[in-house]
Amino acid sequence: MASIRKEIALNVPSKDVWDAVRDVGAVHKRLCPGVLIDARLENDARVVTFANGMVVRELIVDLDDEARRFVWAAVGGATDTP
């Protein structure tokens, strides 16, 4: 399985960034407004809806507050909403 790791320098306190990243059910409001229009949590996954209608299920692999590490995997492919 391929993975992508991205580091970005921000002029924001790390605790504030982690607070937004850690709020996995509000990614459409806090991190990607306009790109994502909805997000909902379902068991061990989050389902996000993009502005173009595409829906993607993201398996939450790891959420580690101490390491400030969040890992997810898109699973099952994308679908369009009816």
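Start by selecting Leu10, which sits in the segment before helix H1 (14–22). Keep in mind as you click around that this is a predicted model. Leu10 counts as exposed because its relative accessibility is 53%, and the cut-off for that label is over 50%.

Next, switch to the charged residues.

Pick Arg57 and Glu42. They form a salt bridge, with the closest N and O atoms 2.8 Å apart. Arg57 belongs to strand S3 (residues 54–64) and Glu42 to strand S1 (residues 36–42), so this pair ties together parts 15 residues apart in sequence. Arg57 is partly exposed at 30% relative accessible area, and Glu42 is partly exposed too, at 29%.

Now go to Arg46 and Glu58, another salt bridge, where the closest N and O atoms are 2.6 Å apart. This one links distant parts of the chain: Arg46 is in strand S2 (residues 45–50) and Glu58 in strand S3, 12 residues apart. Are these two buried or exposed? Both Arg46 and Glu58 are buried.

Then select Arg69 with Asp62. Their salt bridge has its closest N and O atoms 2.6 Å apart. Arg69 is partly exposed, with a relative accessible area of 42%, and Asp62 also counts as partly exposed, at 23%.

For the last stop, show Asp19, Asp23 and Arg30 together: salt bridges with shared partners join them into one network.

Technical notes: Residues are numbered from 1 along each chain as its sequence is written. This is a predicted model: local features need pLDDT of at least 70, side-chain atom pairs count only at pLDDT 80 or more; totals for chains, interfaces and linings use all residues. Side-chain values use heavy atoms; hydrogens and water are left out. Helices (H or I, at least four residues) and strands (E, at least two) are DSSP runs, numbered from the N terminus. Buried means under 20% relative accessible area, exposed over 50%, partly exposed in between (1.4 Å probe, protein chains only). A salt bridge is a side-chain nitrogen of Lys or Arg within 4 Å of a carboxyl oxygen of Asp or Glu.
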